[in-house]
Every structure is written in C-alpha cells, then in structure tokens.
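Hi,

Here is the structure I said I'd pass on.

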Amino acid sequence: MTSNAFEELVMRLKQLPGLGARSAERIALHLLLERREKLDALVGALKTAGEKLRRCKCCGNLCEGEHCALCLDASRKHDVLCVVEEVPDLLAIERAGNYRGRYHVLHGKLSPLRKIGPDELNIATLSGRFSSGEITEVILALGNDIEGEATCHYLRETVIPQSMAVSRIGFGLPSGATLMFADPATLRSALSSRKHL
Ligand SMILES: [Zn+2]
C-alpha cells in the first residue's frame, strides 16, 4: 500500500510513548478499516481534551480549570508535599492509596545530556509553594536512576528550604525504576519506608 496520508498517520502514532512501528500500523489499520466509526469519536475526544485540559497552576497535574481536584480537595493534608517527575507517577501513587498529602509535578528531571535544566522543569512554582510556610515536609518520589538522584540533590540543595523535613522514596524499587510502572504494593512500601535526606 502506498499512501502519504497513511504514512503520515503511522509516523505520528509512532511518536507516541510505548508505540513501535508495528503497533502504530495496527492501530492505524484498525481505525481506518475495521472500526471506522471509532475514528470520529477518537478525533473528537482528542480535540476536546486538547482544548480543555491544561496544567494545574499550583501543582502541574492535568486539569480542566485553574486548579486540579487534588489541590482543591480540602480533606488532603496541606503540610506534606510529594514531588514526582510526571503525571502518571502521581496517578500511580494515588492508586497505591496510602498518601493523603499534596503533590508537585516537575514534568521531567534534570538531564545535562538532553539539555534539560531547572528552567525546563516546573521548579519555579515549587519554590513559590514553600514561601507560604504551609508545607513542613517534602517527599521526593523521583526515579532512582542517575538523573533522578541528581534532581533530588539539586532540589535539596537549591530549592527546598534547609529547615524542611525531606525524605526520599526508593526502598523496594529496583534501581533505575520508574514509579509509574511500579505495582501498588511496592509503591506503598516505598512510601512508608522512605529515608530522610
Ligand atoms: Zn493541582
């Protein structure tokens, strides 16, 4: 089959995380040939989500308004802040079910190789959150690879006030692991057995 439109679609799908060339082709063919009726619904859902969803002004989570449901939830603890790399990490910790504080999503981690410095991450807002004096404890729930380590070190030394109680999860997680792929039981144990920095 030769079609520029098809090639373009497969190329776009291939750029999505977790999709290789064969999966991208399968999805494209599925939508175009087998389930044509699903195509409009999918396009519509993508368009609506793209228009409505944005980053929460406070924590960086995905939401429809100015602030996300977690930031607006008055029943959650105001004094504990859990810092994560990405929104799926936040969702994984929520699924684990034993954390009731607030979050802050960095949208990445420091990486000199990929030219990601503090200005590319959601760090300025994080500094601002400490100035209210409401937060007394920070949990760094970043991956335990080299970039995660470097990011934790940077936050501890440069961003988080020295007086703050800071801990780091990681116990029970394999080296180099990403939080979003950890099962709830492992995450619960990682959260409850964190080490102080
Ligand atoms: Zn929020």
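By polar contact I mean a pair of N or O atoms within 3.5 Å; within protein, one must be able to donate a hydrogen and the other to accept it, and residues adjacent in sequence count only if both atoms are side-chain atoms. With that in mind, the side chain of glutamate 120 reaches the backbone nitrogen of glycine 117 at 2.9 Å.

Bear in mind that this is a predicted model, where local features need pLDDT of at least 70 and side-chain atom pairs 80 or more, while totals for chains, interfaces and linings use all residues. Numbering runs from 1 along each chain as its sequence is written, and side-chain values use heavy atoms, without hydrogens or water.

Glutamate 120 sits in the loop between β4 (102-105) and α6 (124-130) (helices are DSSP runs of H or I, at least four residues, and strands of E, at least two, numbered from the N terminus).

On to α1 (residues 4-14): Phe6, Val10 and Leu13 are its buried residues (buried is under 20% relative accessible area, exposed over 50%, partly exposed in between, with a 1.4 Å probe and protein chains only). They span an arc of only 60° around the axis, so they lie on the same side of α1 (the arc is taken from the directions from the helix axis to the C-beta atoms). Exposed Asn4 and Ala5 are on the face turned away from that buried side. At the start of α1, a side-chain oxygen of serine 3 comes to within 3.3 Å of the backbone nitrogen of alanine 5.

Cheers
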